[in-house]
Amino acid sequence: MNLQGKTCSISKDKRRVESSYSGKRKLQTNKDNMKVVNSAQQHLILETVTCEKMESLQFDICDTSSNDSISFVPETDKHTTFVVDELHFKSNEDQDNNNSYDSDKYDSSDNSEGSCVEEVCQPEGRLGRQKVAVEFLHISDSLIIILPKNSTLYFYGLMSAQVLHGAVDVLGYTLTQSSEAQELYSPRGSAFLYLTNTNYNEQVNKSFIQETLLKENFVSQEVNTLVDKIESTSAVILCKKMSSPKINFLVRHIAQQIFPNIDNVQCSFNVEHENSNLLKFNPELDSIISRMHKKSKTLLSGGKGVGKSSALRYMVNKLLLSYKEVLVIDLDPGQPEFTISGCLSATIVTEPVFGPNYTHLREPYRSVFVPKIDISAQPRDYIKNVKLLMSLCEHIPSMPTIVNYMGYTRGFGLNIFSSVVCCVKPSSVIEIRSSNPNRNFAQCLSLDLIHKSAQILTRHSEELSNLEIITIPSMTDESNGWVLEPRKVREMCVLSYFGACLPHSQKYITDATNHLYKVYFSEVNLICDDNIVAPAVVNANLVAMCKPSSIHGSYLCYGYGIVRAVDYETRELYIITPITRDYLELVNSLILGSVALPPSMYMASDRVEGIVPYVSKGILPVFGKLSKRSHLPKEHF
């Protein structure tokens, strides 16, 4: 894919560019406003043209039948460059007051400097309902927590946590004094994380704790007083305020407040609330994990909302305590764990995960594009892609493997699942069953049922005599808190994916000039619904960046991009993507799938005059702004 540069070079003649965010515009390229790449504060003047004219633009479809891989050619600094657009997105500060969330309901701690002892009432969790006497020491952007023996502390928010004494269990992973600081995410809309003192009894290393805290600007007298109170069975946790470009970008584009509005460490620890969901795990999971080994392949199944994703994270973290790597094969195109929706993937996980999927997206080892996340209409194509992914994983060294399956249990759900089991050949299947029968398969899984159900879609199902089927009850049946709907989670994954392109100094996706490339029409296939389409179809859209696989109709996916603009005179596309150069060299197909850009990326209209393309008609006032829509149920405020 002959993508050029981190910005886009032009000659000194006038060219028309159809901008994906600001309508069709004319580039004024006279001498006075030609700018070099490092002139970050200056932009070319872009004249807005109406959407009606945009639709009447004529162009020819280039011959894109060639599937040959093409090379990546970086732009040189000698070329004159321009910023394609300067549209910035609306911040979260202008939300409708009806959509604001009263975070005081969750905030139990005073973040002023000083120490205090609080009895934080924790809901029934891993250790039962109890009053936990926890000591907090606040200073600046840091917080010290002394967690007593036999205690579990749930929290709401995000923070960086480092254990200074003892051992703490978080989502199955044990943090100790030798562990690096970890980023913990416990947002609303998903079950809250916990900190559990594992009662590791060791002598208090007072000098280490004092040295660490003094480096964090804690007062020497308070540190000495605190250290004297630490018991050998206590756990001491240093919590710091955390700032992440991807999360900052994400919260700027959603109406819901998923993290508390607190100045210092952005966490609250009193989560006793009728709308709280708490992470809980069936003790039988520990027994299953203890029996896993390098050649184990465990498939997680169950209906929607039974806790498969939480169980997956717990199992991955537990296994990482014993193994350096864990392979996660994700067969859920609608709610994948490490990628944007719309693909099947295999990811080698080497670090623990502490939060929902949009907080820890990773580059997969292999990924196969799936055009429709609702696979019920094309189950055979889905199974074909599953087989392709499994063949791509054959050369991965032996390591514990977890297969994440979707929550489709009704209609053809059992038939598709059974065919997938025959393709994957797991050593064991965990079925998480809910007390609500509508969430489960119509019948409890058995070898005979799987063989019989697979015959409809798989002609030659192989013998699975060694398959172990384990049924465990769901731990989410009693949860009554608000949960983010799947569509919103998919959007948040897209926001997180592109937010990672932005350094701390940039706030908007249009600032991402380091990830802006151009490519000629003739060098890529533009595909939608298996057909070659015009550039206007993919403009202002999320596209999967792929190349055809050895199997007809299937594509290997290397990541995603946003078609930022289209220049019909030079016949070039402008694309924003975080994909590395090595993978960009392999891309020769841009495919529209069933996952779109979040509405807020179109609706935000700061610093824009005129028509918002693809969204509205009529002229906005210079200072006018379109309000963002909220899908958060009012009864949860």
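These notebook entries record what I looked up on cores and aromatic pairs in a predicted model.

**Conventions.** I number residues from 1 along each chain as its sequence is written, and I use heavy atoms for side-chain values, leaving out hydrogens and water. In this predicted model, local features need pLDDT of at least 70 and side-chain atom pairs count only at pLDDT 80 or more, while totals for chains, interfaces and linings use all residues.

**Cores.** I took a nonpolar core as a set of buried Ala, Val, Leu, Ile, Met, Phe, Trp, Tyr and Cys residues joined through side-chain atoms within 4.5 Å. Buried means under 20% relative accessible area, exposed over 50%, and partly exposed in between (1.4 Å probe, protein chains only). I found that the largest core has 101 residues, and that L331, Y382, F417, Y560 and L573 are those with the most contacts inside it. Strand β27 (residues 555-567) gives this core its largest share, nine residues; strands (E, at least two residues) and helices (H or I, at least four) are DSSP runs numbered from the N terminus.

**Aromatic pairs.** I paired rings of Phe, Tyr and Trp (its six-membered ring) with centres within 6.5 Å, calling planes under 30 degrees apart stacked, over 60 edge-to-face and the rest tilted. I counted 12 pairs by this rule. Y497 and Y560 are edge-to-face, because their centres lie 6.4 Å apart and their planes stand at 90 degrees. This pair links helix α10 (residues 486-499) to strand β27, 63 residues apart. I noted Y560 as buried at 5% relative accessibility. Y558 and Y583 are stacked, with centres 5.5 Å apart and planes at 25 degrees. Y558 is buried at 18%, whereas Y583 is partly exposed at 25%.
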